[in-house]
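Biologist: Please take me through how to read a model of this kind. I would like the general idea of each feature, then the case at hand.

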Amino acid sequence: MKTVLTIAGSDCSGGAGIQADIKTLMAHGVYSMSAITALTAQNTTGVTGIMAVEPDFLAKQLDAVFTDIRPDAVKIGMLPTTELVRVVVDKCQEYQPEHIVVDPVMVSTSGSKLIDKSARELLCRKLFPLAEVVTPNIPEAEVIAGREIRTSEDMEMAARIICAKYRCSVLCKGGHAQTEADDYLYMETGGVWYRGDFIDTHNTHGTGCTLSSAIAANLAKDFELDVSVSFAKDYVAGALADGLDLGHGNGPLNHAYRFCSSAESE
């Protein structure tokens with residue numbers, strides 16, 4: 001069985017972060033492991049508290065995983081402080097995982113800030129160059145590339161800028177465009193668009209976490225990056241279209257929709 005490690009924050013309401021990652025990885029048939037970077041008090045309406053773990057403890061979690069069950073791929077999500085970014089960079093350099101997917105989590109779906117400015121800058125400068133692919137949404141790509149994104153051409157240019165600056169492939173996610181769900185993957189060998197039907201739902205809590213984890217799962221299963229992104233996008237579209245409706249705000253996806261469909265058909 002292929003193995004994937006997720007390094008991210010915990011979402012007590014289960015829709016995003018570590019919880020969404022583990023559900024996604026299980027749905028893809030890979031063995032999931034986790035290193036928790038922070039505890040959050042959050043639900044579908046927002047984040048009310050963040051408690052980052054001690055850097056030394058995050059390092060111990062990573063050592064425990066890598067020295068026993070080596071992951072075939074690593075997904076990295078919320079890293080709220082500079083010290084935690086440094087730990088992850090050091091451990092990735094030490095253990096050299098074959099595939100690293102970085103979801104540069106900066107703001108939650110509900111609009112809560114999840115990383116400080118110095119941590120964001122270090123994340124880009126030190127961790128992005130170690131990644132196989134980074135997966136910013138439009139607001140994140142605007143910050144990282146330093147330019148406004150209003151059109152598909154803007155998405156392409158932002159992805160090229162990030163790729164050239166940090167030497168990693170970039171998946172610029174278009175879900176924040178409101179009227180379409182087209183994503184653009186740019187690699188040093190060229191770019192490709194992934195077209196998708198816009199699903200009219202406010203229940204998008206954890207979409208970014210889910211997509212990046214699905215990409216990591218597919219990379220662990222030895223699919224090429226462009227294929228991994230295509231499969232991951234199809235999975236997220238299915239989880240959104242399932243229509244799960246929980247909570248009073250931006251509800252979660254149904255990560256188990258494939259299993260539910262199978263059970264109903266029997």
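The dialogue below goes from the whole chain to one residue.

Modeller: This is a predicted model, in which local features need pLDDT of at least 70 and side-chain atom pairs count only at pLDDT 80 or more, while totals for chains, interfaces and linings use all residues. Residues are numbered from 1 along each chain as its sequence is written, and side-chain values use heavy atoms, with hydrogens and water left out.

Biologist: What radius of gyration does the protein chain have, beside that of a compact globule?

Modeller: The radius is taken over C-alpha atoms, and the globule rule is 2.2 Å times the number of residues to the power 0.38. For 266 residues the rule gives a value near 18 Å, and the protein chain agrees with 17 Å. Its C-alpha atoms fill a box of roughly 45 × 40 × 40 Å along the principal axes.

Biologist: How many helices and strands does the protein chain have?

Modeller: Both are DSSP runs numbered from the N terminus: helices are H or I with at least four residues, strands E with at least two. There are nine helices and nine strands. Strand S2 covers residues 31-43 and includes Gln42.

Biologist: Is Gln42 buried or exposed?

Modeller: Buried means under 20% relative accessible area, exposed over 50%, and partly exposed in between (1.4 Å probe, protein chains only). Gln42 has 13%, so it is buried. Of the 266 residues in the protein chain, 54% are buried.

Biologist: Which residues is Gln42 in contact with, leaving aside neighbours within four places in sequence?

Modeller: Contact means heavy atoms within 4.5 Å. The partners of Gln42 are Ser10, Asp11, Cys12, Ser13, Val47 and His205.
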